[in-house]
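Thanks for coming, everyone. Please look at the screen while I talk.

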Amino acid sequence: MKLSNATALLTLALLLSGCGNADHAHAPDAHAHEEAGEKKNHDDHDEGPQHTRIELAIAEESGIRIAPATPGIIADEHQVQGLLTPMEGRSVQVTARFPGLVKRLDAGVGDQVRAGQRLALIESNLSLSDYAITAPMAGTVMERSASVGMVAGEAMVLYELADLSQLWVDLHIFGTDAGHIEAGAQVEVTRLNDGASARTRIERVLPGTATASQSTVARAVLENGDGLWRPGAAVSARITVARAEVALAVPLTAIQSLNGRDVAFVREGDENYIVRPLTLGRRDARAVEVLDGLQSGEQVVVTQSYLVKADIEKSGAAHEH
């Protein structure tokens with residue numbers, strides 16, 4: 001049966017109209033999906049890769065080390081400079097009792113001497129007989145003023161001895177820091193020549209001000225049984241005023257900046273490293289409090305974290321191209 005021309009045209013018009021309405025009805029959804037996809041791609045592009053994979057052997061060879069995020073202690077610390085000095089009352093000048101010719105000297109600068117040990121032999125001008133000069137205390141020869149063959153006058157200083165088994169370390173504190181530091185505060189003193197350190201406590205804060213530096217001086221006693229701490233030497237010191245326990249902390253070496261945010265890298269398994277944006281709190285010279293972004297026990301990169309950052313940035317650069 002054949003359709004008339006009018007009927008055929010009407011049928012075609014209805015079909016086209018239906019197709020057009022269907023397309024029009026679904027167009028907003030399709031457009032919305034397209035916009036969402038573009039936004040997601042844009043966000044992903046801004047944020048960059050959030051993980052990388054580094055083979056275990058390469059990580060170990062590169063020095064990448066991990067440690068669990070744990071509770072920790074954040075200290076209120078002050079980094080200062082100081083000077084080692086002999087303690088008052090622990091040095092003595094050794095003098096000639098009678099005038100006479102110095103015939104012998106038995107100790108030199110730097111020598112350790114015992115109490116009663118002979119230091120010099122002098123021929124008295126009065127009796128023409130020899131008498132010995134002995135050490136009144138055990139200590140180190142700091143200075144020798146006599147020489148063999150010279151004539152020593154009565155009460156002339158021949159030697160200066162000091163007991164250096166303990167030293168004062170005078171720490172110079174500037175500005176408002178002086179108001180925070182009191183006797184009893186813990187101090188870690190570090191030698192500048194070899195980095196060795198020792199712990200002690202502030203014994204007292206001196207009432208005056210150091211004239212040359214206009215600083216407040218905090219004084220501590222330093223044990224020096226091995227004699228390696230030397231009077232006159234400059235040292236650095238870290239004074240700990242207070243210590244606060246925090247729920248979660250990581251070493252400062254774990255923190256990197258990525259896309260404008262503080263981050264750490266958590267290792268999952270043996271080779272996967274995940275970026276974790278962090279909210280940080282208090283910090284000291286070694287560690288920082290983590291307020292959000294990590295869970296206790298998660299394995300965090302604490303050494304060579306910048307290598308993980310570099311690998312992630314490299315992955316991002318490759319992704320852009």
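Ser91 has Ala162 as its bridge partner in β11. The two strands here are β4, residues 91-95, and β11, residues 157-162. They pair in the antiparallel sense, over five bridges. Pairing has a rule: DSSP must find at least two bridges between two strands. Strands themselves are DSSP runs of E, at least two residues, and helices are runs of H or I, at least four residues, numbered from the N terminus.

A word on the model. It is predicted, so local features need pLDDT of at least 70 and side-chain atom pairs count only at pLDDT 80 or more, while totals for chains, interfaces and linings use all residues. Residues are numbered from 1 along each chain as its sequence is written, and side-chain values use heavy atoms, with hydrogens and water left out.

Back to β11. β9 also pairs with β11, antiparallel, over four bridges. There, Val141 has Leu161 as its bridge partner.

Now the whole chain. It has three helices and 22 strands. Of its 321 residues, 33% are buried. Buried means under 20% relative accessible area, exposed means over 50%, and partly exposed lies in between, with a 1.4 Å probe and protein chains only. The accessible surface comes to about 18900 Å², and 52% of that belongs to carbon and sulfur atoms. These areas come from the Shrake-Rupley method with a 1.4 Å probe; for residues, only the protein chains shown count as cover. What about contacts, meaning heavy atoms within 4.5 Å? Take those between residues at least 6 apart in sequence: 69% join residues at least 24 apart.

Next, an open sheet. Four strands, in the order β8-β7-β5-β10, with antiparallel pairing. Which strands stand at the edges? β8, residues 130-134, and β10 do. Each has a single partner strand, so one side of each is left without a neighbour in the sheet.

Walk across that sheet. β7 and β8 run antiparallel, joined by five bridges. Arg118 has Thr134 as its partner in β8. Then β5, residues 100-105, meets β7, residues 118-124, again antiparallel with five bridges. Val102 is partnered by Ile122 in β7.

On to the inside. A nonpolar core is a set of buried Ala, Val, Leu, Ile, Met, Phe, Trp, Tyr and Cys residues joined through side-chain atoms within 4.5 Å. The largest one has 20 residues. Which of them touch the most other members? Leu171, Val189, Ile202 and Ile239. Five strands each supply at least two residues of this core: β3 (70-86), β12 (166-173), β13 (186-191), β15 (216-223) and β16 (234-251). The largest share, four residues, comes from β12.

Look at Leu171. Leave aside its neighbours within four places in sequence, and its contacts include Val80, Val187, Ile202, Val217 and Ile239. There is also a second, separate core of 18 residues, with Val102, Ile133, Ala135 and Ala152 among them.

Now a loop. Gly110 sits between β5 and β6, which is residues 112-113. Is Gly110 buried, partly exposed or exposed? It is partly exposed, because its relative accessible area is 44%. Gly110 and Thr140 are 30 residues apart along the chain, yet their C-alpha atoms are separated by 5.9 Å. Neighbours within four places aside, Gly110 is in contact with Thr140 and Val141.

Thr140 turns up again in the largest pocket. That pocket is lined by 16 residues, and those nearest its centre are Gln112, Thr140, Leu164, Asn224 and Gly227. β6 and β9 (139-144) are the elements that give two or more residues to the lining.

Finally, two residues with positive phi. Gln214 has a phi of about 55° although it is not a glycine. Gln214 is in the loop between β14 (197-209) and β15, and counts as exposed because its relative accessible area is 56%. Asn259, also not a glycine, has a positive phi near 55°. Asn259 lies in the loop between β17 (256-258) and β18 (261-268). At 53% relative accessibility, Asn259 is exposed.

Technical notes
Contact means heavy atoms within 4.5 Å. On a 1 Å grid over the protein atoms alone, a cavity is a set of points where a 1.4 Å probe fits but cannot get out, and a pocket is an open set with protein on both sides within 12 Å along at least five of seven lines; lining residues have an atom within 4 Å of a point.
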